[in-house]
Amino acid sequence: MENQVSNKNNVVISGVGLWTPENTITNEELVESYNAWATKFNHEHEVQIAAEEIAAKPLSSAAFIEKASGIKSRYVYAKEGVLDIDRMRPKLEPRSDDELSHQAQMAVSAAEKALLAANKTPADVDMVIVACAYTERSYPAIAIEVQAKLGIQGFGFDMLVACSAATFGLQRAHDSVAAGSAKCVLVINPELTSPQVNYTDRDSHFIFGDVATAVVVETSATCQSEYSFDVMGTRCVTSYSNNIRSNFGYVARVTDEDPFATDKLFHQNGRKVFKEVCPMAAEHIENHLSDLGVKVSDLRRWWLHQANINMNLLISKRLLGRDATPDEAPVVLDTFANTASAGSIIAFAKNHTDLLKGDIGVICSFGAGYSIGSLVLKKR
Ligand code: CO8
């Protein structure tokens, strides 16, 4: 469904923040550990594999990963445990109810940077949206915890839209400011993806990284930022697909299933996703621009979702009729990998200060759901 709220107020993006974890894992490190795990598994299951009762685990390759995805490395919130072949998942210390949760900590770090960039203080903000692929608990909302930590008056809530959570959250922020139900909104994307990655699955063990991004949305009347952008329009579309799925959820307790079985982790039919989502995303961007009277050739910058370099090249080429240059469509997934909804916002955070007044760019996400979200921005 598409929707546009009539612009009572002129809405701007006035600040963006990026918080990056300290730990990195290169393809080589990841592949070395996966291959050691797979070799051990195959050795331990020699008899069943020979009897064709179970399939041998295939080996992974750093060269394949880089060629198929463009990913060279990723950041992780906790490195401990990921490369341990007797664990194959991160190890986080549990925190008590009185301590700041891991995800709120990530969110606060990004939010403080966004506020600084927007030249705002928590007292200016009246709405907090934490929008991401997963929240570490159902309630109280991470957004309300962040609100309390930062000392913000007003209200906050979480929203989950997988890879499009950031753009869908920004649309909600835009509409709230346009309609006057909020004055200044923090949209925060603490993407703690590593707990949901199946590090024993060759097809997906390399895809994701952890990061947090945040964006400040307000009216042009209150904006005091050095770098700000008019939001020319927002658009969100969803279309149901099972090709990217996680069945992790609270109902597992009563279905007596293993709550950590492989279907409860991220899994996908990556080829189908690639084939189906690229044309949808290209058409989405084309229609959104056209409805705003913007020609594709007028786009100064494409801040695209960062799932796969080949997807981004295909989408921009379909619309431009040629390859986009790295300056036009910057790539961050080589060092960040796929960070769920934060990808396009990282691209924006790292590549917006060089735009000139009147330059137009598009933020666009695409992913599970399927879900596609876009914002067309004009530098002020
Ligand atoms: N090493 C070596 N070989 C491999 C590996 C590996 N690691 N992985 C696969 N292969 C093999 C395959 O088995 C296959 O072998 P064969 O031809 O013998 O069957 C061969 O390489 C080719 O495999 P694929 O067809 O799978 O390879 P592709 O070229 O299609 O590349 C990709 C795989 C990179 C996954 C690609 O299909 C892709 O990027 N697709 C798009 C996926 C996408 O965008 N998904 C979005 C997911 S993110 C999202 O929506 C948010 C979810 C919420 C966040 C979740 C956080 C955990």
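I started with the pairing of strand β4 (residues 127-132) in this predicted model. Four bridges join β4 to β6, and the two strands run parallel. I looked up V128 and found it opposite L186 in β6.

Next I followed β6 to strand β7 (residues 211-219). Eight bridges link these two, and they run antiparallel. For P190 I noted A212 in β7 as the bridge partner.

Then I checked burial along β6, residues 184-191. Eight of the eight residues are buried, so the strand is largely enclosed by the rest of the structure. I used the cut-off of under 20% relative accessible area for buried. In a regular strand, side chains alternate between the two faces of the sheet.

I turned to the ligand. I found 29 residues around the ligand, with C163, R202, Q268, N308 and A368 the closest. The shell divides into 16 nonpolar, 10 polar and three charged residues.

I then looked up polar side-chain atoms facing ligand oxygen atoms. R202 places one 2.5 Å from a ligand oxygen. For N308 the distance is 2.7 Å. For R271, an N or O atom of the side chain is 2.9 Å from an oxygen of the ligand. Taken alone the ligand exposes 1,200 Å², of which the protein buries 77%.

Last, I asked which elements give two or more residues to the shell. They are α3 (62-69) and α8 (270-291). The largest share, four residues, comes from α8.

Technical notes. Residues numbered from 1 in each chain as written. Predicted model: local features only at pLDDT ≥ 70, side-chain atom pairs only at ≥ 80, totals over all residues. Heavy atoms only, no water. Near = heavy atom within 4 Å. Polar contact = N/O pair within 3.5 Å; in protein donor to acceptor, adjacent residues only side chain to side chain. Areas by Shrake-Rupley, 256 points an atom, 1.4 Å probe, with all protein chains shown as cover. Nonpolar A, V, L, I, M, F, W, Y, C, P; charged D, E, K, R; others polar. Buried < 20%, exposed > 50% of the residue type's maximum accessible area, 1.4 Å probe, protein only. Pairing = 2+ DSSP bridges.
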